[in-house]
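This report looks at how the chains of a model meet one another. Please read it with the sequence and structure at hand.

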Amino acid sequence: MSERTLFVFVYLVLLGLLATTIGVSYLELGPWNPVLNLSIAAAKAFLIVWFFMHLNQSAGLVRLAAFAGLVWLALLFTLGLADWLTRPDGWMS
Amino acid sequence: MSTPSALHGPFSEPGQQQEAARLGLWLFIANELMLFGGLFMALTVYRIIHTETTRAASEHLHLWIGGANTAVLLTSSLTMVLAVLAARAGDVRTTVRMLLATAAIGAVFLALKGWEYRLEYDEGLMPGVGPVFPLGASQELFFNFYFVSTGLHAVHLALGIGAVLFFAARLHRGRMDLPHRSTMIEGLGMYWHFVDVVWVFLYPVLYLI
Amino acid sequence: MVLPALGVMSELITAFSHKRIFGYAFVAFSSIAIAVLSFMVWGHHMFVSGQSMYAGFVFSFLSYAVAVPSAIKVYNWTATLYKGRIELKAPLLYALGFIGLFVAGGTTGLILAALAVDVHVHDTYFVVAHFHYIMVGGTVSAYMGALHFWWPKIFGRMYSEFWGRIAALTVFLGFNLTFFPQFILGYLGMPRRYHDYPPEFQFFHVLSSAGALILAFGYLLPLFYLTWSLRHGARAGANPWGAAGLEWTVSSPPPKHNFKEIPTVEHEAYTYPVAYEDK
């Protein structure tokens, strides 16, 4: 498969995922709605980052640098949510 | 990988130079990620505090305009990556065409977004300006988040369009040597795709859940 | 912010005791540990902000953890000094001042990292004194030491050693006189950012203000003798301190292309004592 075909294929998969995520948003799945939609978003982001941003052709060090961004984001969310998810009920009043 | 590229500075081989350029761009993108990450964190916290109002407020967004815009941005990413392929092959004409297509599709996104803002303005959903906000204070907070995050994204996209046009003009005038400088088009592409990724997350977080 | 200062410290201590650094790997990795940990301590600013108690535990623990690599560094620097051939020159005086202020600032940091105590001293002069000890006393002292250490390398001139020592001592004394009373004031309940206070605090406030004057004098002194050295200082050789490190192998100030050939380094860092080539 030439690179060109690969990119078009990835693009079609991305459009397919977009259609799926919109479809899922019309279903009433309760807590599974955010889980599914965010997983689809993560899958799309991975495809873009891996193929379009050439991470599949990059050296290990470059992949590590890209991953480092995610690590900081994970720190922000883990420690931030450690606060917000453990507050007592009615703390605002 | 074996892109021929003009060698300069402290580098001893072209591959090393390309990796250094990519590394630098990833560091820049990691910075940008934290900028948007703060907004996403704030949105998450808002969702934890006001779970029901967020859902209610999010229903007022125009899901299909946002969806169409996602498709538009994904298409622009495809043309961008095709521009990079052409640049690596040394095909200046195709590169310029693909860059112009990317900029045009990016402009379509901004136009659609502007139309959407206009609709929201008419409905009074824009906090602080226009008709009185109809839905109460805590939903207004959601719309603040919505306008700040999509606005920041739009600014990034507008800057991207400017950069794409700048490179297209330089190529057109023969000021840039392909395929030797194709790393620059690649870097431009990485920024463009990153702005795309931000939207890929903004769309479900704001419109869908 | 303090990390570059920590790096400078290892340079200064080894150069003026003419000894290899004690426990190189520990000194190096403790820098990384401090860098990593300090990304995860922001919640210690929010102990009384309504933050969840459990998040408070986590942030308190992580803040305590920073003390471990910091202490390793301080112990290793003092161990480096032990039985070294110490030259009490201006840069080393600044470095020793750093150790004193950093220890005082660090140990009071532990007091602040304790959840319950922090509620008592939150938003008081105690906090102000603590972070000034680290960020101004400590960090600026190290940077002043660095300026004096590399001054001959940058401009090719020696400054007045006598005035350099006077300035280093003045800064140390002035700083402690300014901020130590603030620890006491803060613990007694003096809040930050108020111009008014009960009369029994008068004495410490006066001490602190007097210290500020001395401190200002100490910080201004180098401005004069360093400027003076630009014209009248003795010419500096390539390596006036007998320091290891590649920058000391080229002339002062360094030529435009400092290394015509890329130098190959086969020895480890801080290979002291260095033979005096040029003094």
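This is a predicted model: local features need pLDDT of at least 70, side-chain atom pairs count only at pLDDT 80 or more; totals for chains, interfaces and linings use all residues.

The partners are B:Arg88 and A:Glu3, whose closest N and O atoms lie 3.6 Å apart. Across the interface of chain B and chain A there are also six residue pairs in polar contact, counting pairs in which both residues have pLDDT 80 or more.

On the side of chain B that touches chain A, at least two residues come from each of α1 (14–49), α3 (63–89) and α6 (182–208) of chain B. The most is given by α1(B), with 16 residues, and the residues on that side of chain B comprise 31 nonpolar, eight polar and five charged.

## Extent of the B and A contact

The contact involves 44 residues of chain B and 45 residues of chain A. Together, chain B and chain A bury about 4000 Å², with 83% of it on carbon and sulfur atoms. Of the area that chain B buries against chain A, 16% is supplied by B:Trp26, B:Met41 and B:Leu74, more than by any other three residues.

## The C and A contact

Between chain C and chain A, eleven residues of chain C touch nine residues of chain A, and the two chains bury about 830 Å² between them, 78% of it on carbon and sulfur atoms. The residues of chain C that lose the most area to chain A are C:Phe39, C:Trp42 and C:Ser52, which together make up 43% of what that side buries.

The side of chain C that touches chain A has eight nonpolar and three polar residues, and no charged ones.

Conventions
Residues are numbered from 1 along each chain as its sequence is written. Chains are lettered from A and ligands numbered from 1 in the order in which they are written. Side-chain values use heavy atoms; hydrogens and water are left out. Contact means heavy atoms within 4.5 Å. Buried area is the accessible area (1.4 Å probe) that two parts lose on being put together, summed over both. A salt bridge is a side-chain nitrogen of Lys or Arg within 4 Å of a carboxyl oxygen of Asp or Glu. A polar contact is a pair of N or O atoms within 3.5 Å; within protein, one must be able to donate a hydrogen and the other to accept it, and residues adjacent in sequence count only if both atoms are side-chain atoms. Helices (H or I, at least four residues) and strands (E, at least two) are DSSP runs, numbered from the N terminus. Ala, Val, Leu, Ile, Met, Phe, Trp, Tyr, Cys and Pro count as nonpolar, Asp, Glu, Lys and Arg as charged, and the others, Gly among them, as polar.
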